[in-house]
Amino acid sequence: MNTTDLTQTPIAADGCFEVQLQKSGQILQVGKEQSILKALQGAGYDAPFSCAEGICGTCLTPVVAGTPDHWDSYLTPEEQEKGDCIMLCCSRSQTARLVLDL
């Protein structure tokens, strides 16, 4: 399956998904109870964050492909609908893979 397929495939029933870092091509697994931020930190990536609750905007990151599942209260409904950015600290994915501009 190629990247395009995974970024259009619904998230797995177990709640896990993949995050692909566009700049390095690295692919990380994000568990059901894990934030994207925690997965990045676990892989040694130093992602910016502050509140870790989706209210400050520090971890706002562009989305290249896939569909974010917004759990933040920072973005407006219109911004969330665009699906072109995500809060790493709390939001998740609606698709099996998210490609981030990292």
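**View A. Ser93, a buried residue in strand β6.** Strand β6 covers residues 92–93 (strands are DSSP runs of E, at least two residues; helices are runs of H or I, at least four; both numbered from the N terminus). This is a predicted model: local features need pLDDT of at least 70, side-chain atom pairs count only at pLDDT 80 or more, and totals for chains, interfaces and linings use all residues. Residues are numbered from 1 along each chain as its sequence is written, and side-chain values use heavy atoms, without hydrogens and water.

**View B. Surroundings of Ser93.** Beyond neighbours within four places in sequence, Ser93 contacts Ile11, Phe17, Thr67, Pro68, Asp69 and Leu98 (heavy atoms within 4.5 Å).

**View C. The largest nonpolar core.** This core holds 22 residues (buried Ala, Val, Leu, Ile, Met, Phe, Trp, Tyr and Cys, joined through side-chain atoms within 4.5 Å). Val19, Ile36, Leu40, Ile86, Leu88 and Leu100 touch the most other members. At least two residues each come from β1, β2, α2, β5 and β7. Helix α2 gives the largest share, 4 residues.

**View D. Salt bridge between Arg97 and Glu18.** The closest N and O atoms are 2.6 Å apart (the rule: a side-chain nitrogen of Lys or Arg within 4 Å of a carboxyl oxygen of Asp or Glu). Arg97 sits in strand β7 and Glu18 in strand β1, 79 residues apart. Arg97 is buried at 7% relative accessible area. Glu18 is buried too, at 18%.

Methods:
Buried < 20%, exposed > 50% of the residue type's maximum accessible area, 1.4 Å probe, protein only.
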